[in-house]
Amino acid sequence: MFQEKREDFPTLCGENPPVYLDNACMTLRPKPVIDAIRSYYEESPGCAGRSVHRYATTVSRKVVNCRSKMSKMFNANSPDEIIFTKNATHSLNQVAKGLSWNKGDVVLTTDREHNSNLVPWLQLEQEQGIDHRVVRSNTDNTFDIEAFEEACANAGDKLRMVSLSHVGNLDGVATPVKQAAKIAKDHGAMVCIDGAQSTPHMKVDVQDLGVDFMAFSIHKMMGPSGMGGLWGKMELLENMRSIQSGGSTVETSNYDSMVWSKPPARFEGGLGNYAGILGTNAAIDYISDIDLDMVHEHEVSLNRVMTSIIKDVNGIEIIGPEDPSLRGGICSLLFETIDAHDIAILLDEAADVMVRSGMHCVHSWFNDKGIDQGSLRASAYLYNTEAEVRLFAETLVEAVEALG
Ligand SMILES: Cc1ncc(COP(=O)(O)O)c(C=O)c1O
């Protein structure tokens, strides 16, 4: 469906390009993103918002432009609600550690969160005595809305925050965020979503979803590594403390006091990753030109191919619902007797297919089920083809049958 886009990605060009199916970890970058990073260093290697010379003003203009495009993309109320961060982990830490908590405040997450949306809350539980509770999913890993509603009700007036992955990186299963946010709000809670696996694959409108914060990863959206973002409602950002203070975070300082900057500057302490922001600017242009509904459709169609080849093979279990349309482009597999890392190495060396193996930073889910070797996860994106996922699935099945 997006065959012509492959030419934009240098790693997919040439005689025998490898098959890249580790997109849930990080996507490939198209040429305009690479060019934007190079042009920063070659043409205007300045610092935004400080100096007034031409390098600096060029970069400042591009930073403003990028923030404004991201604000439109997610339907924020204002570009000032968009904060540049290092990654989604940084964004979620900013929310968790930037808000004020009382002992006993309840924070709800699910049982299949990435460590980035679990560990900050566990840390707050250890250090500040919040009460972190986990809402169990249905047996097929889909969101259990009744269990969620019950957990909200049980928390009573102690419920302060509901923090949910929009789409899970373990299995590609989406959370009905709009419905969950409505319930959480009815119980007086703030809602934060981890959009790391949703923003690259679907249109996300933060106002329509009815949430308060959203963390996302630019490197999963065809942008540079080391770039992420946080969107937050202005009235909440205005009252949130920065987890990093210093240059940019204050309007002025005296020997004994300072005046905090307004958002977003308050949260962007120190000299920024301007090459990353300019690369982000190009990535947002690139992704904004693509119909994300079609991307989702394409990923599901590729997942149908993988699933149909793999699903009835002895010794392999697909994590999540059998229906690929509920797992986007992710096909995550458990093996009865074989080590997932061995298969991942074999796929790379024998068939030029790159996938991820391990626990994908969702250790808690695997530990809870006593699964100690993790899974093998293939995750497709717009530039993947049917021939590629077929090669992956057929090589995998051959390997499992030979080794099992
Ligand atoms: C669902 C989810 N949340 C959070 C993260 C962490 O993202 P980052 O690497 O940008 O911190 C990931 C990364 O894989 C993820 O998949």
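How far from an oxygen atom of the ligand does a polar side-chain atom of Ser-217 lie? The distance is 2.6 Å. The legends below describe close-up views of a predicted model.

**Figure 1. Polar side-chain atoms at ligand oxygen atoms.** Gln-197 places a polar side-chain atom 2.6 Å from an oxygen atom of the ligand, and for Ser-217 the corresponding distance is 2.6 Å. For His-219, a polar side-chain atom lies 3.5 Å from an oxygen atom of the ligand. The ligand taken alone exposes 390 Å², and the protein buries 91% of that area.

**Figure 2. Surroundings of His-166.** His-166 belongs to the loop that runs between β5 (159-165) and α6 (177-186). Is His-166 buried or exposed? Its relative accessible area is 6%, so His-166 counts as buried. Beyond its neighbours within four places in sequence, His-166 is in contact with residues including Val-173, Ala-174, Thr-175 and Val-177. Other contacts of His-166 include Ile-193, Asp-194, Gly-195 and Ser-198, as well as Met-202, Val-204 and Leu-209.

**Figure 3. Helix α1 at Ile-37.** Ile-37 is found in helix α1, which spans residues 31-43. Which residues does Ile-37 touch, not counting those up to four places away in sequence? They are Pro-224, Ala-275 and Gly-279. The C-alpha atoms of Ile-37 and Ala-275 are 5.0 Å apart in space, while the two residues are 238 residues apart in sequence. Ile-37 is partly exposed, at a relative accessible area of 24%.

**Figure 4. Aromatic pairs and an aromatic cluster.** The whole structure contains 8 aromatic pairs. In one of them, Phe-143 and Phe-148 are tilted, with 5.3 Å from centre to centre and 50° between the planes. Phe-143 is buried because its relative accessibility of 12% is under 20%. Phe-148 is also buried, with a relative accessible area of 0%. Trp-365 and Phe-366 form an edge-to-face pair, with centres 5.0 Å apart and planes at 85°. Both of these residues, Trp-365 and Phe-366, are buried. One aromatic cluster is made up of Phe-9, Tyr-286, Tyr-381 and Tyr-383.

**Figure 5. A cis peptide bond between two prolines.** The bond from Pro-263 to Pro-264 is cis, and its omega is near 5°. Pro-264 lies in the loop between β10 (258-260) and α9 (274-288).

**Figure 6. Positive phi at Asn-141 and Cys-361.** Most residues other than glycine have a negative phi. Asn-141 is not a glycine, yet its phi is positive, at about 75°. The loop between β4 (131-135) and α5 (145-155) holds Asn-141, which is buried at a relative accessible area of 4%. Cys-361, likewise not a glycine, has a positive phi of about 65°. Where is Cys-361 found? Cys-361 is in the loop between β14 (356-358) and α12 (363-368). With a relative accessible area of 27%, Cys-361 is partly exposed.

How values were computed:
Residues numbered from 1 in each chain as written. Predicted model: local features only at pLDDT ≥ 70, side-chain atom pairs only at ≥ 80, totals over all residues. Heavy atoms only, no water. Polar contact = N/O pair within 3.5 Å; in protein donor to acceptor, adjacent residues only side chain to side chain. Areas by Shrake-Rupley, 256 points an atom, 1.4 Å probe, with all protein chains shown as cover. Helix = DSSP H or I, 4+ residues; strand = E, 2+ residues; numbered from the N terminus. Buried < 20%, exposed > 50% of the residue type's maximum accessible area, 1.4 Å probe, protein only. Contact = heavy atoms within 4.5 Å. Phe/Tyr/Trp six-rings, centres within 6.5 Å; stacked < 30°, edge-to-face > 60°.
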